[in-house]
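Me: Please take a close look at the salt bridges of this chain and at what surrounds them. I would like one connected account.

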Amino acid sequence: MVIVDLEDAVAPPNKAHARSLAAEWLAGHPGAWVRINPLSTDLWQDDLAAVLPARPAGIMLPKAAGPAQGAELAA
């Protein structure tokens, strides 16, 4: 499995560019997953908006604080 990491692997000033590159790469690699930024930040929604159109195989939620965060993400 390949996981595209938009969280710890990307410095804050580079997040928007990394999302764009990730979405482009994911379009040609349908089996890959994406690790988004934590729900405790304001970045995760931008991550999802950028990569979901490319239909990644899965989304990894980092630093989850419990099942409520998984439910929030699923919604």
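Reply: The side chains of Arg 35 and Glu 7 form a salt bridge, with N and O 2.8 Å apart (a salt bridge being a side-chain nitrogen of Lys or Arg within 4 Å of a carboxyl oxygen of Asp or Glu). Arg 35 belongs to strand β2 and Glu 7 to the loop between β1 and α1, so this pair ties together parts 28 residues apart in sequence (strands are DSSP runs of E, at least two residues, and helices runs of H or I, at least four, numbered from the N terminus). Glu 7 counts as buried at 5% relative accessibility, and Arg 35 is buried at 17% (buried means under 20% relative accessible area, exposed over 50%, partly exposed in between, with a 1.4 Å probe and protein chains only).

This is a predicted model, in which local features need pLDDT of at least 70 and side-chain atom pairs count only at pLDDT 80 or more, whereas totals for chains, interfaces and linings use all residues. Residues are numbered from 1 along each chain as its sequence is written, and side-chain values use heavy atoms, leaving out hydrogens and water.

Arg 35 also meets Asp 5 in a salt bridge (3.1 Å, N to O), which links strand β2 (residues 33–35) to strand β1 (residues 3–5) across 30 residues. Asp 5 is partly exposed, at 22%. Asp 5, Glu 7, Asp 8 and Arg 35 are linked in a network of salt bridges.

Elsewhere, Arg 19 forms a salt bridge with Asp 47, the closest N and O atoms being 2.6 Å apart, and this pair links helix α1 to helix α2, 28 residues apart. Arg 19 is buried at 9%, as is Asp 47 at 1%.
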